[in-house]
Amino acid sequence: MRRNFLKGIMMPAAIVVLGVGGAFVTTSMSSTKALANVQGYRYVSQADPCHAQQQCSTVFNANICTSGGTQLYGKANPNVNVCDVPLYKIP
């Protein structure tokens, strides 16, 4: 009797554990990618120090984000017009 009870509980419990684990993995994967991609800016002039150019990544890699040979930077604070955060190409 006890063996049948454990057998009946183990399979549904394993399915619930796998489902919850899969949900956490899926959620963390999508949020990381969304946070990694940001707008890249290039310096044009004193009047336009942060000109929006293209999407870049904040995840470090060997390829620096450029546009037409000019390195692109990100903003540390979106409310301030200063672009000094180095960005990288989206893999």
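We go through the model by question and answer.

Q: What should I know about the model before I start?
A: This is a predicted model, where local features need pLDDT of at least 70, side-chain atom pairs count only at pLDDT 80 or more, and totals for chains, interfaces and linings use all residues. Residues are numbered from 1 along each chain as its sequence is written, and side-chain values use heavy atoms, with hydrogens and water left out.

Q: How many helices and strands does the protein chain have?
A: Helices (H or I, at least four residues) and strands (E, at least two) are DSSP runs, numbered from the N terminus. Here there are one helix and six strands, in the order α-β-β-β-β-β-β.

Q: How many disulfides does a search of the whole structure find?
A: A disulfide is a covalent bond between the sulfur atoms of two cysteines; the search takes cysteine sulfur pairs within 2.5 Å. It finds two: Cys50 with Cys83, and Cys56 with Cys65, each with S to S 1.9 Å. Counting bonded cysteines along the chain, the pattern is 1-4, 2-3.

Q: Which parts does the pair of Cys50 and Cys83 tie together?
A: Cys50 sits in the loop between β1 (37–42) and β2 (51–57) and Cys83 in strand β6, so the link ties parts 33 residues apart in sequence.

Q: Is Cys50 buried or exposed?
A: Buried means under 20% relative accessible area, exposed over 50%, partly exposed in between (1.4 Å probe, protein chains only). Cys50 is buried at 9%, and Cys83 is buried at 18%. Pro86, also in strand β6, is partly exposed at 42%.
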